[in-house]
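Here are my notes on this one, in the order I'd walk through them with you. Have the viewer open while you read.

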Amino acid sequence: MSRYRGPRLRITRRLGELPGLSRKTARRAYPPGQHGQNRKKRSEYAVRLEEKQKLKFNYGLTEKQMVRYIRKARRVTGSTGQILLQMLEMRLDNTVFRLGMAPTIPAARQLVNHGHVHVNGREVNIASYQCRPGDVIGVKNKDASKQLVETNLQYPGLANLPSHLEFDKNNLTGKVNGLCEREWVALSVNELLVVEYYSRKA
């Protein structure tokens with residue numbers, strides 16, 4: 001299945017708040033569908049699946065990409081779940097979103113894909129690019145690109161800038177000072193259940 005392009009509020013009603021996917025809040029507090037209001041007790045598998053779906057929809061990943069990130073995280077020394085979150089947070093599209101240059105991660109991905117974003121003075125149009133400490137993220141030196149980012153900065157998706165990032169509004173440049181820490185992940189998710197979900201599938 002390719003990347004999700006359907007109604008976003010339907011997903012947030014089912015999975016809870018996903019700050020990267022949508023800024024809107026649903027009027028109905030219960031999940032969508034005919035039986036949304038009288039859901040039965042969920043199985044252990046359903047709970048793990050839901051946590052995995054939160055990551056997948058919030059960061060806009062395909063199942064293939066999720067599996068690839070899990071494999072990479074397993075190869076690194078440390079807690080697989082935390083390393084997985086760190087890798088997802090350090091993606092270029094997410095970093096652009098966390099800097100406030102785009103209201104959501106899909107909007108940030110579009111900015112990157114359309115060539116509006118530069119990393120260390122060079123155009124990077126790959127949303128999955130892994131940002132590293134020391135990277136400087138800027139905007140293409142064109143009026144259209146700058147105007148787009150300036151408009152987005154007036155209505156940022158999240159109010160607080162994470163500790164590993166800094167942003168200069170005058171020059172429209174952001175800097176990555178380190179790796180993202182667990183407490184700065186905006187999404188409410190249990191990453192251990194995600195790792196368990198994939199370990200049982202493998």
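1. Start at Arg48, whose neighbours, leaving out residues up to four places away in sequence, are Leu193, Glu196, Tyr197 and Arg200; contact here means heavy atoms within 4.5 Å. Arg48 sits in helix α2. With a relative accessible area of 9%, Arg48 is buried (buried is under 20% relative accessible area, exposed is over 50%, partly exposed is in between, using a 1.4 Å probe and protein chains only). Its side chain makes a polar contact with the side chain of Glu196, at 2.8 Å. A polar contact is a pair of N or O atoms within 3.5 Å; within protein, one must be able to donate a hydrogen and the other to accept it, and residues adjacent in sequence count only if both atoms are side-chain atoms.

2. Before going further, the ground rules. This is a predicted model, where local features need pLDDT of at least 70 and side-chain atom pairs count only at pLDDT 80 or more, while totals for chains, interfaces and linings use all residues. Residues are numbered from 1 along each chain as its sequence is written, and side-chain values use heavy atoms, with hydrogens and water left out.

3. The overall layout: eight helices and five strands, in the order α-α-α-α-α-α-β-β-β-α-β-β-α along the sequence. Both kinds of element are DSSP runs numbered from the N terminus, helices being H or I with at least four residues and strands E with at least two. The protein has 202 residues, and 46% of them count as buried. Among contacts with a separation of 6 or more, 61% are between residues 24 or more positions apart.

4. Next, the aromatics. How many aromatic pairs does the structure hold? There are two, where rings of Phe, Tyr and Trp (its six-membered ring) pair if their centres lie within 6.5 Å, with planes under 30 degrees apart called stacked, over 60 edge-to-face and the rest tilted. Tyr45 and Tyr197 have ring centres 5.8 Å apart and planes at 40°, so that pair is tilted. Because Tyr45 is in helix α2 (residues 44–59) and Tyr197 in helix α8 (residues 191–201), the pair ties together parts 152 residues apart in sequence. The rings of Tyr197 and Tyr198 have centres 5.1 Å apart and planes at 90°, which makes the pair edge-to-face. Tyr45 is partly exposed at 49%, whereas Tyr197 is buried at 5% and Tyr198 is buried at 6%.

5. Gln53 is also placed in helix α2. Gln53 counts as buried, at 14% relative accessibility. Its side chain makes a polar contact with the side chain of Lys52, at 3.2 Å. Gln53 and Val189 are 136 residues apart in sequence and 10.0 Å apart in space, C-alpha to C-alpha.

6. Asp135 deserves a look. Asp135 is in the loop between β2 and β3 (136–139), and is buried yet has no salt bridge, the nearest side chain of opposite charge being Arg132, 4.9 Å away. For reference, a salt bridge is a side-chain nitrogen of Lys or Arg within 4 Å of a carboxyl oxygen of Asp or Glu; Lys and Arg count as positive and Asp and Glu as negative, with His and the chain ends not counted. The backbone nitrogen of Arg132 does lie 2.9 Å from a polar atom of the Asp135 side chain. Beyond neighbours within four places in sequence, Asp135 is in contact with residues including Val119, Asn120, Tyr129 and Lys175.

7. Last, two backbone angles to check. Most residues other than glycine have a negative phi. Asn120, not a glycine, has a positive phi of about 55°; Asn120 lies in the loop between β1 (117–119) and β2 (122–123) and is partly exposed at 44%. Leu172 also has a positive phi of about 55° without being a glycine. Leu172 is in the loop between β4 (165–168) and β5 (173–176), and counts as buried at 4% relative accessibility.
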